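Here are some notes for a colleague who is opening this structure for the first time. Please read them with the sequence and the coordinates at hand.

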Amino acid sequence: MTLSNQGRNLLTKFWIVSGLVMAVCFPLSSMGGEGIYLGETVQQLGFNRVAPPKGFESETEKYTTKAGVEIIAERNREYLLANGIKVYLSNKIGILKSKLTVGRIDYDKVIVPLFWKIPTPLPSTHRIVIDAGHGGKDPGKLNVALNYVEKAATLDTALRLKLILEKRGYEVILTRDRDVFIELEDRPDLATKHKADLFVSLHFNGGAAGDTTSSGIETYCLTPATQNSTNAGKAKGDTSVEPGNRFDSFNLVLAWNVQRQVLAATGAEDRGVRRARFAVLRTLNCPGILVEGGFISSSKEGAKIANAEYRQKLAEAVANGIGDYAQTLRAK
Ligand SMILES: [Zn+2]
C-alpha cells in the first residue's frame with residue numbers, strides 16, 4: 001500500500017516534470033523544419049494508399065478508407081484535400097526520401113483532430129500483445145559459457161508472462177509461441193491487427209564480444225516526438241515523429257511502472273527508462289515498451305536469466321508493472 005502511494009506521488013511529480021519539458025520543447029520544435037511522413041500516419045487509421053487522380057503532378061499521394069474518406073496531398077501545396085475540401089496547413093507539404101511529409105505543427109493541429117481517433121477517455125489495458133524477441137534464424141544475444149541464447153529466454157519469459165496475465169483477467173496474444181523467425185515490422189502489425197491495448201516486447205541484453213560483466217535492466221519506450229534517442233550512433237540525432245508517438249505519455253508511464261517493478265523484484269542495476277525508435281515500437285497503434293531484462297552475456301546475470309525461477313520472477317514483475325500502469329490510468 002505504502003509503496004503504491006509512494007509510486008503515485010513520484011508519478012505525479014513525473015507528470016509535472018514531463019509537462020514542463022513538453023512546454024519548453026514544443027514551441028522550439030515547431031520552428032524546426034522536421035516533418036512526419038503523411039502516409040505512415042494515416043495508414044495507422046485504416047487509410048490505404050491509392051493512385052492519385054489524373055491532373056495532379058507526380059508528387060501526389062492519395063489515401064482512402066472503406067468508409068469513403070479521402071485525403072489528397074501534393075508536394076509544395078499549402079493545404080491537403082480532405083474529402084475534396086481544402087484544409088490549409090501552417091507549412092507546405094514537404095518531401096523526404098520520395099515520401100510526402102507534413103510539418104510538426106500541422107500534425108498537431110490538423111492531422112490529429114481531423115483523422116486520429118483519440119483514445120477516450122484513456123486507453124484500455126485489457127488486450128495485451130507480448131512479443132518474445134528474436135526467434136528462428138535470429139538467436140539474439142548469447143551467453144557463451146552456458147550456450148544459452150536470448151531467443152530461448154524471451155520465449156520462456158513470454159509464455160510465463162502470458163499465464164500470469166491470463167490468471168489476472170487479461171487477454172494475451174503472443175507474437176510467437178515457438179522458435180520461429182518473425183520480421184520486426186510484423187510484430188507491431190500483429191498488435192494492430194488484434195486491436196491490442198498494450199504491446200510489451202521482451203529482450204535480454206548482450207555486451208560487446210568477450211564482455212561478461214556488463215549487467216542491469218533497462219526499459220525502452222519510443223523516443224518522444226522530435227526528441228533525441230538515448231541509443232548511440234546515428235539514430236540518436238534522428239528527431240522524426242512516428243505513428244506510435246500519439247502515445248508518448250502512456251508509453252513513458254508504462255515503461256516507468258514496469259522498470260520500477262522489475263528492479264524491485266530482481267535487485268538488478270537500474271539502466272533506466274530509455275528511448276529509442278525501435279522498429280517494434282515505431283508503428284504501434286497502442287502504448288508499448290521494450291524490456292531488456294538483464295545481460296544474458298554476463299557470467300553472473302546471465303546465469304540468473306538461465307534459471308527458470310528467475311525468469312518467473314521477471315515475468316511476475318512485468319505483470320505487476322502492467323497492473324500498476326492500469327491502476328494509474330484508472331486513478332486519473
Ligand atoms: Zn534482443
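1. Just after helix H4, Gly169 takes a positive phi of about 95 degrees. Helix H4 itself covers residues 150-167, and its 18 residues reach 26 Å from the first C-alpha to the last, close to the 26 Å expected at 1.5 Å a residue.

2. In helix H5, which spans residues 186-193, the buried residues are Arg187, Pro188 and Ala191. Seen down the axis of H5, these buried residues fall within an arc of 95 degrees, so they line one face of the helix. Their cover includes strand S9 (127-132), strand S13 (198-205) and helix H7 (279-282), while Lys195, which follows H5, has a positive phi near 55 degrees.

3. On the cysteines, Cys221 is buried with a relative accessible area of 2%, and Cys286 is buried as well, at 4%. A search of the whole structure finds zero disulfides.

4. A word of caution on confidence: this is a predicted model, whose protein chain averages a pLDDT of 83, with 81% of the residues scoring at least 70. Over residues 1-33, however, pLDDT stays under 50, and the model has 23 contacts beyond four places in sequence for this stretch. Where pLDDT is low, predicted coordinates should not be read in detail.

How values were computed: Residues numbered from 1 in each chain as written. Predicted model: local features only at pLDDT ≥ 70, side-chain atom pairs only at ≥ 80, totals over all residues. Heavy atoms only, no water. pLDDT = per-residue confidence, 0-100. Contact = heavy atoms within 4.5 Å. Disulfide = S-S within 2.5 Å. Buried < 20%, exposed > 50% of the residue type's maximum accessible area, 1.4 Å probe, protein only. Helix = DSSP H or I, 4+ residues; strand = E, 2+ residues; numbered from the N terminus. Arc of directions from axis to C-beta. Expected span 1.5 Å × (residues − 1).
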